[in-house]
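Please read each point alongside the coordinates.

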Amino acid sequence: MRPELLILEGVYSYRLRTEIDFSTLCRADLFGIFGKVGSGKSAILEAVTYVLYGRMERLSNKVYYNMMNLASNRMYIEFIFTSRDKRYRFTFETKRSRKDFEKVDTPKRSGYVMEDGEWVPLFDKDNEVSAEDIVGLSYDNFRRTIIVPQGRFQEFLQLGKKDRTDMLMELFGLDRFNLYSNAARLANRNNEKTASAEGELSGLVDVTASALADAEAEAELLGKQRDMLAAEIAAGEETLKELNELESLSNRLTEARETLTEKSVDRDVYSRRREDLLVYEDCFSKFKSDIDIFRMLKKDSEAAAAELQQAKQQQEAGKKLLEAAQRRFAAAEPGFAEIDGLAERAGWFEELAGLADFRTELDDLKKRLETGSSVKTETFKSKEELNRRLETCKTGADEAGEGLRDPEEINSLRMLYASMNDALEAVAASDVLLKALEEEKTQLAERMSGYSGLEAEEDDLKLREDKLRRKQLDAEIKREFAEAAAGLVDGEPCPVCGAVEHPAPASELSVDEPALEAEAAAIASAWSELKNRVVGFQSLTNEIAAVDGRLRSELERRAEIESGLEEIKFSFNDDYGPGDYEAFRAEADNQAEKRRRRDELREEYARLSEEQERLNSRIARLNETESRMKLEAAALEAKIDSAESRIDEAFLSEYGESENLIVFADELRAEISAARREYTEAENALKDAELQNSKNLAAVELLGRKSYKLGQGLKKAETELKDKIDKSGYDSLEAVEAVLSRSLDPAAERRTIEAYEKGLEAALVEVRGLEQQLGSRIFDKSAFDEALGRQQLLKAKYEKAATRLGELGSTIRNLETGLVRKAEIETELERLRIRGEDLSLLKNIFSGKKFIDYVATVYLRELCESANIRFRKLTRESLRLELDEGNNFIIRDYLNDGKTRSVRTLSGGQTFQAAFSLSLALADRIGRERAGFFFLDEGFGSLDRESLSLVFDSLKSLKKERRTVGIISHVEELKQEIDTCITVVKDSEEGSIINNSWT
């Protein structure tokens with residue numbers, strides 16, 4: 001994460017909008033935020049953490065109210081940063097309730113990512129903004145590794161094993177070493193494959209070499225039988241082919257004879273059609289064009305006569321229209337001549353109407369002037385009343401503001417009381433917890449009394465075991481002597497003493513075996529019971545140690561709380577002490593009421609001032625309106641005088657008092673318009689009628705000449721056609737037209753006749769040819785059926801043999817493939833069984849969290865080694881960080897013969913050095929992208945001058961590592977050493993103010 005900009009407004013002591021330019025700070029790699037105690041330095045880190053995660057630990061109740069500056073009504077935080085090459089913007093905003101000073105509106109947190117130059121909203125599954133996935137750290141680990149607030153710097157150093165392991169799992173992704181599920185998944189998959197292979201192998205139980213040999217022998221025999229059948233089928237096919245050809249020839253001869261008979265019947269019909277075709281072609285060639293010309297002339301002559309008749313009728317109608325148009329024009333001329341006189345009178349009527357409107361408008365203006373004067377008078381009275389109320393508000397606000405204290409001082413006291421209350425609650429809770437722990441410890445001690453005498457019991461069991469072993473040895477010796485005595489033979493040496501004579505062999509050597517076994521079982525049972533009690537004793541001992549540890553930790557925390565409580569009590573001023581909360585609360589309420597009253601009066605004063613401005617604007621508008629209306633009245637009077645001068649005096653005297661002037665004017669204008677329109681229409685109608693009459697006359701003359709010419713041409717064509725028909729030998733024109741009316745297609749008809757004649761000839765030729773091919777042969781149907789049946793029987797046998805051969809071929813191929821697959825499966829199954837055993841072993845190795853704990857241990861040891869590079873230098877080679885068997889941090893003290901001790905025994909400065917070294921090592925291990933930025937707000941005040949110099953040298957060396965580190969401190973020596981920094985100054989009126997070193 002790389003911060004760029006932080007904006008604060010109304011947050012803690014930051015009353016005014018404040019911008020912190022982290023881009024400039026981070027370019028320096030090492031920068032500082034300095035200021036006196038209580039100036040507002042730590043508030044910067046709290047604001048960053050809160051806007052990202054929405055959590056805070058300093059305040060437990062009324063978080064938003066206590067965070068908001070008491071002199072502000074709005075709290076706003078905005079933080080812009082870069083993470084993994086993307087820019088993000090998180091905001092937080094809320095406002096104070098207007099009705100209740102101690103209530104704050106529901107806040108709004110928003111998150112955005114920069115895409116294509118625009119801020120795009122970010123939401124998680126609950127529709128709430130989350131920075132955990134963006135930064136890659138949870139809230140707790142963010143505060144442990146990047147922004148380390150006061151009181152939390154040494155947390156990682158003193159975390160328990162489980163919490164530290166969980167933290168490492170998140171920071172370094174140790175979940176990827178949880179390989180049990182992967183091993184189990186592989187084992188399950190391997191088991192599935194094994195079961196599948198075994199199932200497939202069981203399906204190949206019938207796939208054997210003998211089955212393959214039997215199938216191959218049967219296939220060979222069937223192959224020979226199929227070849228013999230094929231030869232017989234081939235011979236039969238030749239016989240059937242000959243019989244088929246004979247049958248085909250016989251059928252074709254029969255069909256050809258039938259065709260010849262059918263065509264011979266139509267011979268006379270086609271002879272007549274040929275004769276008709278010759279007559280049609282003769283008429284067509286001699287008369288067709290002349291007849292077409294005659295018909296065309298006849299048609300054109302008739303059409304010309306009809307057009308001429310129609311033109312004459314139109315000529316008569318046009319004459320009548322011309323006479324009507326002349327009469328209408330003559331009637332319209334007198335009215336058109338009176339238009340000018342009527343227009344003048346209409347103008348006088350309109351002038352008189354305008355005069356009436358002007359007089360009405362003038363009267364209305366005079367009334368409005370009177371009304372405006374009254375309104376202006378009332379407005380001046382309202383302004384005077386408003387001025388008195390303004391003076392009252394100002395005086396009241398000044399009186400209410402007297403004696404008001406600095407709101408930041410009240411806010412500080414309020415936070416002190418809240419912190420003291422939190423501390424007292426924490427003390428009470430700690431008392432409850434301590435009492436519970438003491439009771440738990442007492443109960444454990446009572447349970448411990450039940451385990452007294454364990455060592456004596458163990459010694460007693462050891463004695464009983466020794467006695468049992470001696471008895472068992474004695475019994476073994478007796479058994480061996482008895483066996484030796486039973487095997488003695490006179491003259492042969494004794495295997496024990498070597499004597500050859502055996503006068504008195506041992507006889508009383510019996511052993512009570514059941515008693516020995518019962519005693520051994522009793523001792524084993526006692527040992528088992530004792531071991532169970534020892535395990536219980538050890539478990540109880542661990543519980544007691546754990547309770548002691550929790551007691552010590554709680555006592556230390558209680559001491560820290562009480563120390564903090566004392567510091568809080570010491571921070572109160574002379575006016576109010578720790579026990580003066582009720583008096584302070586009354587005073588704070590009184591101050592809030594006075595401030596509320598003052599603010600209300602100020603708001604009322606502002607509102608009245610705005611009202612005063614509105615009244616002034618209204619008075620100005622009234623004056624402007626009055627002046628404008630006076631000018632309009634003068635203009636109307638001038639218009640009235642001018643209009644009266646333009647009207648005839650007699651007309652004015654006659655109609656000056658009339659009411660329907662506009663009606664009279666409109667009637668005259670309508671009469672004028674009607675006269676003008678009638679005259680124009682009559683004139684246009686006359687012109688149109690004269691023009692149409694001329695056109696009709698010309699058309700009659702033209703069509704008369706055309707009709708005459710066409711009649712002469714028609715008579716000539718008719719005479720010439722009759723002469724030609726008479727000379728050709730045909731009876732008449734009607735006879736010729738009857739022949740041509742058939743509309744034959746000569747070429748098509750000729751093709752049809754020729755096609756018939758060729759078909760007749762072809763049928764005759766085909767009959768003669770087929771008769772010659774058959775000769776004396778006759779087709780025998782029974783012989784053909786017999787040959788066909790035998791052939792079908794042979795083919796059925798052949799098909800059956802071929803089908804069986806195909807089945808055998810498939811069987812043989814399947815057997816061959818199955819034998820190969822069977823061998824492959826057996827090999828694969830052996831491999832899978834071996835792999836299954838290996839995966840089962842891996843599952844046992846990765847079960848539980850043993851492997852992750854081992855990896856976490858490796859990471860912790862690497863962190864220790866990396867941290868010790870700085871830590872040993874800071875402690876002048878006197879101390880070293882190590883891990884004990886429980887993976888807890890311990891210290892090896894070289895000033896005390898290299899002995900180890902708890903990290904809790906370190907001094908404040910040494911604890912800072914150890915935590916500082918571990919934090920930098922942890923940041924190194926996490927990686928530059930996620931932890932390239934590190935902020936520290938603690939510890940420098942606990943170091944002496946020499947240790948401070950060593951720590952600062954370490955900080956300056958981080959520039960070479962391209963790491964950005966920010967520190968917050970009030971130590972003046974550090975400020976002198978850091979070039980790029982900001983200084984926080986507390987102003988009594990404006991609150992915390994930021995001063996940059998580069999401006």
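Helices (H or I, at least four residues) and strands (E, at least two) are DSSP runs, numbered from the N terminus. The model is predicted: local features need pLDDT of at least 70, side-chain atom pairs count only at pLDDT 80 or more, and totals for chains, interfaces and linings use all residues. Residues are numbered from 1 along each chain as its sequence is written, and side-chain values use heavy atoms, with hydrogens and water left out.

1. Nonpolar patch. Patches consist of residues with over 30% relative accessible area and no salt bridge; like charges are joined within 9 Å, and nonpolar side chains (Val, Leu, Ile, Met, Phe, Trp, Tyr) within 5 Å. Accessible areas come from the Shrake-Rupley method with a 1.4 Å probe, and for residues only the protein chains shown count as cover. Leu842 belongs to helix H20 (residues 781-846). Its relative accessible area of 34% makes Leu842 partly exposed, where buried means under 20%, exposed over 50%, and partly exposed in between (1.4 Å probe, protein chains only).

2. Negative patch. A surface patch of negative charge gathers Glu255, Glu258, Glu262 and Glu766. For charges, Lys and Arg count as positive and Asp and Glu as negative, while His and the chain ends are not counted; the place of a charge is taken as NZ of Lys, CZ of Arg, CG of Asp or CD of Glu. Helix H9 (residues 209-265) gives the most to this patch, namely three residues. Glu258 lies in helix H9 and is partly exposed, at a relative accessible area of 47%.

3. Leu221 counts as exposed because its relative accessibility is 61%. The C-alpha atoms of Leu221 and Leu805 are separated by 9.7 Å, although the two residues are 584 residues apart along the chain.

4. The structure holds 28 salt bridges, each being a side-chain nitrogen of Lys or Arg within 4 Å of a carboxyl oxygen of Asp or Glu. Arg226 and Asp227 form one of them (3.8 Å, N to O). Arg226 is partly exposed at 30% relative accessibility, and Asp227 is partly exposed at 48%. Arg388 and Glu385 meet in a salt bridge as well (2.2 Å, N to O). Both of these residues lie in helix H11 (residues 339-401), three residues apart, about one turn of the helix. Arg388 is partly exposed at 48%, and Glu385 is partly exposed at 36%.

5. A salt bridge between helices. Which residue does the side chain of Asp431 meet in a salt bridge? The partner is Arg558, at 2.1 Å, N to O. Asp431 lies in helix H12 (residues 407-448) and Arg558 in helix H14 (residues 513-570), so the pair ties together parts that are 127 residues apart in sequence. Asp431 is partly exposed, at 35% relative accessible area, whereas Arg558 is buried, at 15%.

6. Annotation. The UniProt annotation "coiled-coil region", from an unreviewed entry, covers residues 212-266, 294-328, 420-474 and 591-692. UniProt positions are given in the numbering used here, feature names are shortened, and annotations may be inferred rather than shown by experiment. Over residues 294-328 the model is 100% helix and 0% strand, with the end C-alpha atoms 52 Å apart.
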